Amino acid sequence: MSLSEKQKMLAGEAFSFGDPEIQADDAAARAWMVRYNAALAEPASARRVLLAEQLGAVGEGAVIRPPFHCDYGYNIRLGKGVFMNFNCVILDVAGVTIGDGTQIGPAVQIYTADHPRDPAQRSAGLVFGRPVSIGRNVWIGGGAIILPGVTIGDDAIIGAGSVVTRDVPAGATAVGNPARVLAAHH
């Protein structure tokens, strides 16, 4: 039995974004974002109810300040006490896990979506995803970009404006474009 395009997406295989099931999920996520982003003046507790409608998991006390944008939402798992500031973007064609107590500055972008390097496959509309895992008690400065397939270890610090292209070990500080590990601060 062949996999549906959505099953391919969730398995990290190349899939067609134009597939009707994927397009329906995209439309549902966009409708949800309109409601969520309109809830800026609502208490965090009311926004958490909205987050729980769309996200894969929302830990106790997790906060995302609107506006927030994502592809689908259901591939995002937030731990307890996660804080994401204004204007964050998560492209979640693959799983994004953010550990307990992690703080994410404004305008941080987390990408799982990737594209084939072969131009014919790109022009055919194929996309694939590689999961992003962010550990517990991580601090990510404003404007940082986390690229597909990256793992950031517990207690790490990512400097503002950094572009994280490879894994960052637990307890390390990484800054720059591309981000380089400065030191472990254990």
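## Antiparallel pairing around strand E12

Phe-15 has Val-127 as its bridge partner in strand E12. This pair belongs to a predicted model. Strand E1, which covers residues 15-16, pairs with strand E12, residues 126-129, in the antiparallel sense, and two bridges link them.

Strand E12 also pairs with strand E11, residues 113-114, again over two bridges and in the antiparallel sense. Here Ala-113 has Gly-129 of E12 as its bridge partner. Strands of a sheet are held in pairs by backbone hydrogen bonds, and the pairing may be parallel or antiparallel.

## The parallel sheet

An open sheet is formed by five strands, and their order is E2-E5-E8-E13-E16. The pairing in this sheet is parallel. Strand E2 (57-58) and strand E16 (151-152) lie at the edges; each has a single partner strand, so one side of each has no neighbour in the sheet.

Within this order, strand E5 stands next to strand E8. Strand E5 comprises residues 76-78 and strand E8 comprises residues 96-98; the two run parallel and are joined by three bridges. In this pairing, Ile-76 is found opposite Val-96 of E8.

The side chain of Thr-112 comes to 2.6 Å from the backbone oxygen of Leu-91. Leu-91 is also among the residues that Thr-112 touches, when residues up to four places away in sequence are not counted. Other residues touched by Thr-112 include Asp-92, Val-93, Ala-94, Gly-95 and Val-96. Val-96 is the residue that stands opposite Ile-76. Thr-112 also touches Phe-128 and Gly-129, and Gly-129 is the bridge partner of Ala-113.

## Cysteines without a disulfide

A disulfide is a covalent bond that links the sulfur atoms of two cysteines. How many disulfides does the model contain? The count is zero. Cys-70 takes part in no disulfide, and the nearest cysteine sulfur, in Cys-88, is 12 Å away.

Cys-70 counts as buried at 7% relative accessibility. Cys-88 is buried as well, with a relative accessible area of 0%.

Methods: Residues are numbered from 1 along each chain as its sequence is written. This is a predicted model: local features need pLDDT of at least 70, side-chain atom pairs count only at pLDDT 80 or more; totals for chains, interfaces and linings use all residues. Side-chain values use heavy atoms; hydrogens and water are left out. Two strands pair if DSSP finds at least two bridges between them. Helices (H or I, at least four residues) and strands (E, at least two) are DSSP runs, numbered from the N terminus. A disulfide is a pair of cysteine sulfur atoms within 2.5 Å. Buried means under 20% relative accessible area, exposed over 50%, partly exposed in between (1.4 Å probe, protein chains only). A polar contact is a pair of N or O atoms within 3.5 Å; within protein, one must be able to donate a hydrogen and the other to accept it, and residues adjacent in sequence count only if both atoms are side-chain atoms. Contact means heavy atoms within 4.5 Å.
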